[in-house]
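The following paragraphs lead the reader through a predicted model.

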Amino acid sequence: MKDLYLVLKNLTRKKMRLFLTVFATFIAFMIFGTLTAFQKAFDSGVDLAADDRLIVLNKISFTQVLPIAYATRVRAVENVEAMTHLNWFGGYYQDPRSQFAMFAVDAENFMEVFDELVLSDAEREAWIDNRQGLIAGRAIADTYGWEVGDRIPINSNIFSQRDGRTDWDFDVVGIYEGEDPQTDTNGVYFHYEYFNETQSFGGDFIGFMAVRTSDPSLNETVIKTIDDMFANSPAETETVPEKAFNKAFIEQIGNLSLILTSVVLAAFFVILVIVGNSMILSIRERTGEIGVMKTLGFTSGRIFRMVLAESVLLALIGGVLGVLASGFMITLINSAPIQLPVLVLDGSVWSQAMLFVVALGFITGIVPAMSALRLNIITALSRS
Amino acid sequence: MSDDILFDLKGVSKKFVKGKDTITVFDGLDMSIARGDFLAIMGPSGSGKTTLLNMLGGVDQPTGGEIWFDGSRIDSLSENQLAAWRANNIGFIFQFYNLMPMLNAERNVELPLLLTKLSRSQRKKNIAAALELVSLSDRARHMPAEMSGGQQQRVAIARALVSDPKLMLCDEPTGDLDRETADEILSMLQLLNREYDKTIVMVTHDPEAAKYAKRTLHLDKGVFVEKDLAA
């Protein structure tokens, strides 16, 4: 602790260099924090998917529909605890460019299948009782300022009503929260019956089904039973665990993980060069002073630790400020009226960032620290 | 070895290898420094003055022979042992002061005390006493860049004596100062020697500076010629 003052004084002796180096580190960690939050948000679709939930799709493509009659048969399969079906609606509110995830669902069973969506009993009952009722996630409700009791028009850019209108009137009867902070609350759900009776494309089809099994260990059996049941029919099914479905869906965008990791690595490589160079210059300028300290009786090991501490501290200042700034960025992104998964800067991002901070400090500090360690007193004093 | 002898060099040799050549600076040097001595070492450039001072200060090791300090042999100590020995026994004063530019006067003086187990409050007391001794109490918070050369050298003297070393080694302590300031610094060293019984070894080119010492040794090509200048 006695040396901390010296470390701090050395760190702050050239204010402009300190500012620029910290700023570079700050930018790198802000990028890291924000992109890692994005990656976690996308991964959360997979991580938070229930182990006992299966998705039943048309075997040809998930854009192909299934007959509504399938729902009754799937529900009757042994070890199927609950089932709901979902139709992508292509809904938007006021702005056609801002489409959101809106589904026509089997409202009575929906909450049994998606129990990570938290809705009060009163709201749930109100939803079941009101065929024009919809429930919206907290995120999307906040985005559009919807409140329970509102009557809102929502357009579809896929479907139209039998009278030619593309807008449907809905009552907002519930706003659900997520069980986990990263549970997606950007979804909107409404009654299949309302959709089926009013849309003009012909009825009695569903997009896909979500099934909850009585135990994850029975998934394989249930999958086989369902797919065998519809084999050789005009609409064969492919049943997959929800995790696999979400993963495949995300991978359609591209290898996000690789893209994000590449950006972060590039940022860190640049920062490694900048901070490392700055530290080497800084220690080279202090050759004489290091020689004097050794002459006074400071051991080489102690000076080595001081240089390394300076480097770690430098990375720590930039790193902590950068991650804090990424928290601010994430708040801004979450509050922006755009449809994105919920970004969270949680403890795991922080601990990962701090691990990188320490690694950055060590890597950039080790070369100048070794130079200081090996510096011969006579050589050092002659240079000064 | 007599109790009065602080430093004893026995048959010390020092050789440097430069490419294929071996340069011999000392070859069998014998020398004793008594407690309370104020010794000036003079000689032309390349005579070995600084090399000798470096060996006395434990920052350089002899190629052969023995160096005894206060009854203990120091030429065979490891690097870390020598660092501890320097911290406990030696105060250094350099030609160009060598203060840490980012530390104020009192923090510069504190440096050797960071190597001790003294508490912050005890360190502060010692710093205040050392700065008082060099008449710089009012400049304790000043940075080196805000002080004259003479004041910086006084801070360096305070740093050298704050841990109460047995020996002070001065390498051209007035080489960068005007005559008047040099005399002030030398008087201060003389005072430390006479009143506080500090043993001082000073390397200098300046015959006027050497007059402040009790005795002067002339070094030429690694060999001493002793002239007693003490009054």
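Where chain A meets chain B, the contact draws 18 residues from chain A and 18 residues from chain B. On the side of chain A that touches chain B, the elements giving two or more residues are helix 1 (4–11), helix 11 (287–296) and helix 14 (377–383) of chain A. Helix 11 of chain A supplies the largest share of that side, namely six residues. Sorted by class, the side of chain A that touches chain B holds five nonpolar, seven polar and six charged residues.

Attention now passes to the interior. In soluble globular proteins, nonpolar side chains tend to be buried together. In this model the largest nonpolar core comprises 168 residues, and those with the most contacts inside it are Val56(A), Leu134(A), Ile135(A), Ile41(B), Ala158(B), Leu169(B) and Val201(B). Helix 12 of chain A, residues 300–335, gives the most to this core, with 10 residues. Because domain 1 (4–45 + 255–383) and domain 2 (65–234) of chain A both give residues to the core, it lies between them.

Leu134(A) may be examined individually. When its neighbours within four places in sequence are left aside, Leu134(A) is in contact with Phe170(A), Val172(A), Val173(A), Val188(A), Tyr189(A) and Phe190(A).

Finally, helix 1 of chain A, which gives two or more residues to the side of chain A that touches chain B, also has buried residues: Leu6(A), Asn10(A) and Leu11(A). Viewed down the axis of helix 1 of chain A, its buried residues fall within an arc of 135°, and they therefore line one face of the helix.

Key
Residues numbered from 1 in each chain as written. Chains lettered and ligands numbered in written order. Predicted model: local features only at pLDDT ≥ 70, side-chain atom pairs only at ≥ 80, totals over all residues. Contact = placed C-beta atoms within 7 Å. Helix = DSSP H or I, 4+ residues; strand = E, 2+ residues; numbered from the N terminus. Nonpolar A, V, L, I, M, F, W, Y, C, P; charged D, E, K, R; others polar. Core = buried A, V, L, I, M, F, W, Y, C linked by C-beta atoms within 7 Å. Buried ≥ 20, exposed ≤ 12 C-beta atoms within 10 Å, placed from the backbone. Domains from an automatic or database assignment. Arc of directions from axis to C-beta.
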